[in-house]
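Hi,

Here is the structure I promised to pass on.

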Amino acid sequence: MQPPGHGTPWHLQTAPSHAALAKKIAGMWEISARKIRAIERTYDETRGSPVFTVKGAWTSRGWTEWTQGFQYGSALLQFDATGEKEFLDSGRQKTHQRMAPHLTHMGVHDHGFNNVSTYGGLLRLMNEGRITEDAGEREVCELALKLSGAVQARRWTPTADGGGYIYSFNGPHSLFVDTVRSLRVLAVAHSLGHVLMEENDRRVSLLERLVQHAAATARYSLYYGEGRDAYDVPGRVAHESIFNINDGNFRCPGTQQGWSPFSTWTRGLAWAILGFAEELEFIDSLPAEDLEAAGGKSNVLAMMRRAARATAGFYIANTAADGIPYWDTGAPGLAMLDGWRERPADPFNEREPVDSSAAAIACQGLVRLGSWLRGAGEEDGQRFLDAGLAVLSRLLEEPYLSVSDTHQGLLLHSVYHRPNGWDHVPAGRSVPCGESSMWGDYHLREAALHAQRLISGGVPLMFWRGRDGR
């Protein structure tokens with residue numbers, strides 16, 4: 001990728017060569033191994049799951065335990081990429097010892113994060129023939145994912161249009177855009193032949209719930225320039241959508257971690273890009289008859305394709321000149337960063353923080369969407385694919401890649417909850433910078449592994465890959 005700046009937009013510049021990107025990815029795995037060992041050696045897990053770093057050391061945050069699966073899943077990704085058995089042993093042991101409470105956690109919408117990253121990662125490695133199964137381990141992982149998928153699907157609010165959504169931990173009125181990426185647990189559970197059983201033995205299809213939630217997210221959380229409100233910009237995303245639970249009608253957009261309901265929190269945008277792109281791949285892998293009750297395969301694909309395209313386009317238009325976003329596109333300090341779109345993101349500025357974790361999530365979504373569109377014969381597929389690889393390449397170098405062994409994180413300049421002031425602001429600075437998050441580190445590893453397989457001609461990284469290798 002050529003140096004960004006004025007002139008050619010960053011996503012149209014020369015993409016990194018496969019050889020150059022492969023070298024960066026290999027270097028990252030060497031650093032990643034040291035970071036994972038540091039967590040295992042020094043972190044006191046009685047304090048709760050590690051969430052983000054403060055002055056380079058992992059700390060917890062007692063909101064929900066949504067990051068534990070990323071911790072153990074990172075070890076499994078490390079093994080997947082490098083074959084280092086110590087990481088398989090660690091991720092496998094801790095998954096079976098410590099993740100069971102997440103399977104029946106009734107209070108969160110994060111099942112796809114915690115349980116597909118761990119039990120799902122192990123099952124995928126078995127299905128790919130990468131690991132030897134311990135006695136009964138396959139059955140344990142499959143049962144775990146079936147339970148998790150059904151529990152997630154049970155958090156259901158019907159909408160007035162005949163659909164519904166998986167509600168967030170805020171309550172039945174609340175649809176979070178994040179959850180579209182967590183739908184992967186319903187996909188896996190459905191693929192394993194599971195259903196949700198309700199009163200009077202009513203069988204509820206997990207696939208239909210997946211499609212209905214995705215459709216609600218696409219309709220209410222995303223914008224397409226159709227005049228829904230005065231801020232209806234194509235591809236814009238609302239973090240939260242609020243409903244009247246008495247009649248199921250949509251009431252208004254909202255946010256928890258963004259600047260406002262009418263701006264775009266960029267990590268929510270990234271969840272939408274990756275979630276829709278990944279589910280697009282999954283739906284495309286299913287036989288048409290499986291989607292008849294959910295509205296028909298072509299209609300479901302069209303809905304997801306439209307959502308993925310819109311959000312990916314918005315990301316490209318609203319990031320800095322190196323493809324790295326600031327934490328919210330409407331953050332007030334951006335008005336004082338003149339021309340911020342035309343120059344590389346500055347994580348050390350004094351106005352607004354960047355969010356590298358949003359970039360780590362989004363780049364995988366851009367790569368997946370671009371690959372899918374190319375496979376469908378669409379001309380701009382290569383543009384999205386190259387954009388995703390360019391963002392990944394930028395994250396795999398300083399100042400984003402954490403090369404110092406005195407810092408326990410892998411990806412620097414991640415932001416958790418700017419409105420609540422949870423992120424560490426270094427002495428002498430006015431905005432957060434220099435810290436890592438467990439989801440940012442995990443998704444950098446996952447994006448790198450997917451790209452590693454892609455550029456080497458290996459088997460694509462698919463979370464739903466079945467026992468027959470498809």
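By contact I mean heavy atoms within 4.5 Å. With that in mind, isoleucine 283 touches Leu207, Leu210, Val211, Leu291, Lys297, Val300, Leu301 and Met304, leaving aside residues up to four places away in sequence. Before going further: this is a predicted model, where local features need pLDDT of at least 70 and side-chain atom pairs count only at pLDDT 80 or more, while totals for chains, interfaces and linings use all residues. Residues are numbered from 1 along each chain as its sequence is written, and side-chain values use heavy atoms, with hydrogens and water left out.

**The core**

A nonpolar core here is a set of buried Ala, Val, Leu, Ile, Met, Phe, Trp, Tyr and Cys residues joined through side-chain atoms within 4.5 Å. Buried means under 20% relative accessible area, exposed means over 50%, and partly exposed is in between (1.4 Å probe, protein chains only). The largest core has 133 residues, and Phe276, Ile283 and Leu444 touch the most other members. There is also a second, separate core of six residues, with Tyr165, Ala216, Tyr220 and Phe243 among them. In soluble globular proteins, nonpolar side chains tend to be buried together.

**The sheet**

Helices (H or I, at least four residues) and strands (E, at least two) are DSSP runs, numbered from the N terminus, and two strands pair if DSSP finds at least two bridges between them. Three antiparallel bridges link β5 to β8 (residues 240–244), and leucine 175 stands opposite serine 241 in β8.

**Salt bridges and cysteines**

I counted a salt bridge when a side-chain nitrogen of Lys or Arg is within 4 Å of a carboxyl oxygen of Asp or Glu, and the count comes to 33.

- Arginine 98 pairs with glutamate 45, with the closest N and O atoms 2.3 Å apart. Arginine 98 is in helix α3 (residues 85–98) and glutamate 45 in the loop between α1 and β1 (52–54), so the pair ties together parts 53 residues apart in sequence.
- Aspartate 80 pairs with arginine 130 at 2.5 Å between the closest N and O atoms. Aspartate 80 counts as buried at 5% relative accessibility, whereas arginine 130 is partly exposed at 34%.
- Arginine 92 pairs with glutamate 137, the closest N and O atoms being 2.9 Å apart. Arginine 92 lies in helix α3 and glutamate 137 in helix α7, so this pair ties together parts 45 residues apart in sequence. Both arginine 92 and glutamate 137 are buried.

Salt bridges with shared partners also join Asp80, Arg124, Glu128, Arg130, Arg453 and Arg465 into one network.

How many disulfides are there, taking a disulfide as a pair of cysteine sulfur atoms within 2.5 Å? The count is zero. As for individual cysteines, cysteine 141 is buried at 0% relative accessible area, and cysteine 252 is partly exposed at 32%.

Cheers

Notes: Disulfide = S-S within 2.5 Å.
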